[in-house]
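These are my notebook entries on a structure that I looked up. I record what I searched for and what I found.

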Amino acid sequence: MPRLELLATLEGHQDRVWQASWHPTKTILATCSGDKTVRLWTPASHNDFTQWQCIDTLEGAHKRTVRSVAWSPTGNEMATASFDATTGIWEHDAREKDWECVATLEGHENEIKSVAWSSTGALLATCSRDKSVWIWEVESDNDFECLSVLQEHTQDVKMVAWHPKQEVLASASYDDTIKIWKEDEDDWYCADTLQGHSSTVWSIDFNADGDHIVSGSDDQTLRIWKMYSPNNAEGIATPNGEAVWKTVCTLSGMHDRCVYSVSWSKVHNHIASASGDNSLRIFEKDEENLDGNAPTWSSVATINDAHGVHDINCVSWFPNETHGDWLASVGDDGMVRIWRLVQDD
Amino acid sequence: MSTNLINANPTVYNTKTFSREETEAELDDDIEDPIDADEVFDLIRSISDPEHPLTLEQLNVTQNQHINVNNSKNQILIEFTPTIPHCSMATLIGLCIRVRLLRSLPERYKVDIRVRQGTHQSEGAVNKQLNDKERVAAALENNHLLEVVNQCLATANLRGREVTSH
């Protein structure tokens, strides 16, 4: 059975930490907090991953909590979403060796909850307590044009996540649903609404191929959703000629309180979850089960009190092979932790 | 008194019915006293109502028998009773209770705050909002709202004692 081993604890934030986001290629972790800053962390040396340092603190651009931070696919830019209703765009200045806020995107009526870049870096999505999802086009010279304002959620939108390969967006909401958004000749529309959770959906993540989504909810469960394209072999109806998503697995009884975050490793397919019950869990797909329409997943590792008595707000797998076994977690204790998934024989 | 109050003439209850008895064990420093429902009640009983110069105890909004403390699980459930079923202040009252407990209880407790079943017409919506920590965090960054909350909490440390005349 695999287990999680604590590599390092990163101290520095002055308030609860909301999200952790790995650089797409380098060993840099960005974390954002109620202290209105983003901190960048990196190991102190190339051969000792137990010592980490804070190499930069991005501050001054947001007047309130920074709720979400996302790297562009090149890692040269970062976007920050804040309760102050703005999105900050940051660029690395190689000469000054620091990060500069080069643009501020305005438009949402109140708190922005999440920001995400599409896989090509051409689009940016934001979502807010104002119930809307905005899609922005990234133009040259740090210019961002709002392409679409999507207003079909009936409540606070908690998170947006892009498909790993296509320009397909998923959003999760306080209205208990997940929505899938697609483009049709410059017009964005809701292609499917995923119903099943009985309370707020806090977090969503695609698998490596983008044909499955995992979601975590206040109803204390995780759900795994599978996409069925038109003319699928299973005979699942696709009434509007659109792919439909169905729950193929529900993981319940694993967490005693709200599931705040889920992360699906693109490297080794494990799912990690973080909860208000103070625990971190790792799930593995049962490979003996060959029924793709009713897969079973097992909890294979658990860390109770991973951030002491505090809620854990986010978990995030390292995005590529280099350190695919690394998992970052952040909590209400203001701490950032790096864990390593160890496979025992 | 202005006429646009949500509940202009609330029933006022006698607060003398509850006083916390100190047991011998509590006076002995060598014995650990776990936090109990009475102690949590004592923390929130004197929070002021947002629109009346009365405490939550005087309005019967909070009662010690509607507080459940589970020390082995570090969980506290508080159920409160809005004075009227359409009270638009219910969320604010719940927020005041939450902030008071955030500030006074050990961090290990997970606190759930709900309106008592059947006492509010938007029970589900109020409960959901009060227990969404992200929305609570955002609300507390709103200076106007924080000021209102702090006003309601200004009397909270009376812990059942009478307000002395101004």
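I began with a definition: buried means under 20% relative accessible area, exposed over 50%, and partly exposed in between, with a 1.4 Å probe and protein chains only. The areas come from the Shrake-Rupley method, and for residues only the protein chains shown count as cover. I noted that this is a predicted model, in which local features need pLDDT of at least 70 and side-chain atom pairs count only at pLDDT 80 or more, while totals for chains, interfaces and linings use all residues. Residues are numbered from 1 along each chain as its sequence is written, chains are lettered from A and ligands numbered from 1 in the order in which they are written, and side-chain values use heavy atoms, with hydrogens and water left out.

**Entry 1: a charged patch**

I looked up A:Asp141 and found that it counts as exposed because its relative accessibility is 74%. A:Asp141 sits in the loop between strand E12 (133-138) and strand E13 (144-150) of chain A. Strands (E, at least two residues) and helices (H or I, at least four) are DSSP runs, numbered from the N terminus. A:Asp141 belongs to a surface patch of negative charge, whose members include A:Glu137, A:Glu139, A:Asp143 and A:Glu183. Such a patch takes residues with over 30% relative accessible area and no salt bridge, and joins like charges within 9 Å. Asp and Glu count as negative, and the place of a charge is taken as CG of Asp or CD of Glu.

**Entry 2: cysteines**

A disulfide is a covalent bond between the sulfur atoms of two cysteines. For B:Cys96, the nearest is that of B:Cys152, 3.9 Å away, and B:Cys96 is in no disulfide. Is B:Cys96 buried or exposed? B:Cys96 counts as buried, at 1% relative accessibility.

**Entry 3: salt bridges**

I counted 27 salt bridges over all chains; each is a side-chain nitrogen of Lys or Arg within 4 Å of a carboxyl oxygen of Asp or Glu.

One of them joins the side chains of A:Lys266 and A:Asp205 at 3.3 Å, N to O. A:Lys266 is in the loop between strands E22 and E23 of chain A and A:Asp205 is in strand E18, so the pair ties together parts that are 61 residues apart in sequence. A:Lys266 is partly exposed at 34%, whereas A:Asp205 is buried at 16%.

Another salt bridge pairs B:Lys133 with A:Asp332 (3.2 Å, N to O). This pair crosses between chains, from helix H5 of chain B to the loop between strands E28 and E29 of chain A. B:Lys133 counts as buried, at 11% relative accessibility.

I also noted B:Arg116 and B:Glu79, which meet in a salt bridge at 3.5 Å, N to O. B:Glu79 lies in strand E2 of chain B and B:Arg116 in the loop between strand E3 and helix H4, so this pair links parts 37 residues apart in sequence.

A network of salt bridges links residues of both chains, among them A:Arg67, A:Asp156, B:Asp132 and B:Arg135.

**Entry 4: a buried valine**

Last, I looked up A:Val330, in strand E28 of chain A. A:Val330 is buried, with a relative accessible area of 0%. Its C-alpha atom is separated by 8.3 Å from that of A:Arg16, 314 residues apart along the chain.

Note on methods: Patch = residues over 30% accessible without salt bridge, like charges linked within 9 Å, V, L, I, M, F, W, Y side chains within 5 Å. Areas by Shrake-Rupley, 256 points an atom, 1.4 Å probe, with all protein chains shown as cover. Disulfide = S-S within 2.5 Å.
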